[in-house]
Amino acid sequence: MTTVLDPPSPAPSATRTGPRPLSLACKLCHARHPASASATCEECLGPLEPVYDSARPLPTAATIAARAPSLWRYREWLPFLDDAVVSLDSGFTPLIDAPALARRLGVARVWVKNDAVSHPSLSFKDRVVASALNAALGLGLGTVGCASTGNLANALAAQAARARLPAWIFIPHDLELGKVVGTAVYNPRLVRVRGNYDDVNRLCSQAADRYGWGLVNINLRGYYGEGSKTMAFEIAEQLGWRLPTAVVAPMAGGSLLTKLEKGFREFGEAGLVSGETPRLYGAQASGCAPIVDLVERGGETLVPVVPSTIARSIAIGNPADGRFAAGAIRRTGGWAAGVSEAALVAGIKLLAETTGVFTETAGGVTMAAALALADGGRLRPEDELVLCITGNGLKTVEALQGALPEAPLIGPRIRELEALYGRDL
Amino acid sequence: MAVTFSLPTVLARLADGQATIESTGTTLGDVVAEITGRYPRLAPRLRDETGGPYPFVTYYLNDEDIRFRNGFATPVGEGDEITVVAAIAGG
């Protein structure tokens, strides 16, 4: 006996109020699909990606440099036929020179790409949400949503509120307080799910199928992921239209690594930069390192894990782009490193003390992985290295409890201060 | 053992529009074999060329990813719910 498929209950939809999204093609079998809220190839179930017209006019470096400082200055490489209508001011975060880190890592130069100060929600997820929300509006979707480990929840809640789009946001039940508050304050439909991120992700896959919502990292994933390329574009532009030799980035679902590679390659193809694509290095916490395992083990089959780490923003045990991230790492001659909980906390402190950047746990993983890669001889003395710092430390202050010295407590009396600091004052 | 087997829309199309199928078997592999016997177009999207799970779908037995159990050799029980989800999602 069988049950006929229930027709999905479509979310209230408006007519198209955003830019026309590009059509899609399968990354594996190359089958073409019309622009739609679908991220899965109907032929082979592979991932769908936007198709860019190779004959489209491309801007010069000078033209780009004269545009507003947001991710939309790279609009020709974002998946729309028309100008974006919402989230117009995300992107173009600082690239910070970090000579003390260069000395510590034994390389020529280090820069920190600081998405810890991304607008509006203090993580690189602002980039992907900016792209996905415009796709939702361009497809006439009336409701958006996501499965999130926290940063995406923050980014979608903030940007959907501003765009006046209803948002259903699903998170694991035990996220850090800062990420829960940093979502709830925008008044989305926030749902905590008993389970880990992978459980949330499964639920959202079924919800997208049933309700016709625009779940940004599920059925809008083809448009969403393209926003990550802007991190590569900005790095190239901020270095003076050239490429670093190596990049270290955190890995959760693995998409960021693949989009960094794509972004650097696209700028090379456009003649805006020359030279080889940087070696890409992936960072994970040892308690959730399925992509590191795949890189070290070789092959194509990712073995999922049950996450166990305080780096919750990258605690994805079944990463959708794991095999593609491993491929990007192999193609570029990079590597991957897993780091302990103690090492990631030390990484947060080292980054703060040497660069003035306070990152969340994922950034601590990135910093610690860079140290591990340097100590393991993976980096070269002549390297010009960029660390992709993807989130803000104020969101995960729990990670530092007990790791910082307690400030002394004194009365408002000068003799107590003198007793504390002695004759140095 | 009688079980319920749920498909995403993209695969239900290959099963005459059936999103929920009742089946029987003693292992998940038995269930998949029974269903692909009835709906042959599903076969290449549920199994790879070696007969293992197709890499772009994820199987859940009740709430558990079968890769944490014993894959297609995982035993199924009366009333179990098997859910197939497209693997490209999230992150």
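Helices (H or I, at least four residues) and strands (E, at least two) are DSSP runs, numbered from the N terminus. With that in hand, let us walk through this predicted model, in which local features need pLDDT of at least 70, side-chain atom pairs count only at pLDDT 80 or more, and totals for chains, interfaces and linings use all residues. Residues are numbered from 1 along each chain as its sequence is written, while chains are lettered from A and ligands numbered from 1 in the order in which they are written.

Just after α10(A), A:G298 has a positive phi of about 85°. Within the helix, the buried residues (20 or more other C-beta atoms, placed from the backbone, within 10 Å of their own) are A:P290, A:I291, A:V292, A:L294 and A:V295. These buried residues pack against β12 (279-285), α11 (322-332) and β13 (335-339) of chain A.

Next, look at two other helices of chain A. The axes of α8 (residues 229-238) and α9 (residues 255-269), which are lines fitted to C-alpha atoms over the stretch in contact, come within 7 Å and cross at roughly 50°. That angle makes α8(A) oblique to α9(A), a word for whatever is left once angles under 35 degrees (roughly parallel), over 145 (roughly antiparallel) and 65 to 115 (roughly perpendicular) are set aside. From α8(A), the contact draws on A:K229, A:M231, A:A232, A:F233 and A:A236, and from α9(A) on A:K259, A:L260, A:K262, A:G263, A:F264, A:E266 and A:F267. Two residues are in contact if their C-beta atoms, placed from the backbone, lie within 7 Å.

Now turn to where the two chains meet. Here 32 residues of chain A are in contact with 24 residues of chain B. On the side of chain A that touches chain B, β1 (2-4) and α6 (197-211) each supply at least two residues, and α6(A) gives the largest share, five residues.

Finally, consider chain B itself. Chain B has three helices and five strands, and from the N terminus on its elements run β-α-β-α-α-β-β-β. The radius of gyration of chain B, taken over C-alpha atoms, is 12 Å, close to the 12 Å that the globule rule (2.2 Å times the number of residues to the power 0.38) gives for 91 residues, so chain B is as compact as a globular protein of that length. Along its principal axes, the C-alpha trace of chain B spans about 30 × 25 × 25 Å. Of the 91 residues in chain B, 40% are buried.

Conventions. A residue is buried if 20 or more other C-beta atoms lie within 10 Å of its own, exposed if 12 or fewer, and partly exposed in between; C-beta atoms are placed from the backbone. Axes are lines fitted to C-alpha atoms, for helices over the stretch in contact, and angles run from 0 to 180 degrees between N-to-C directions.
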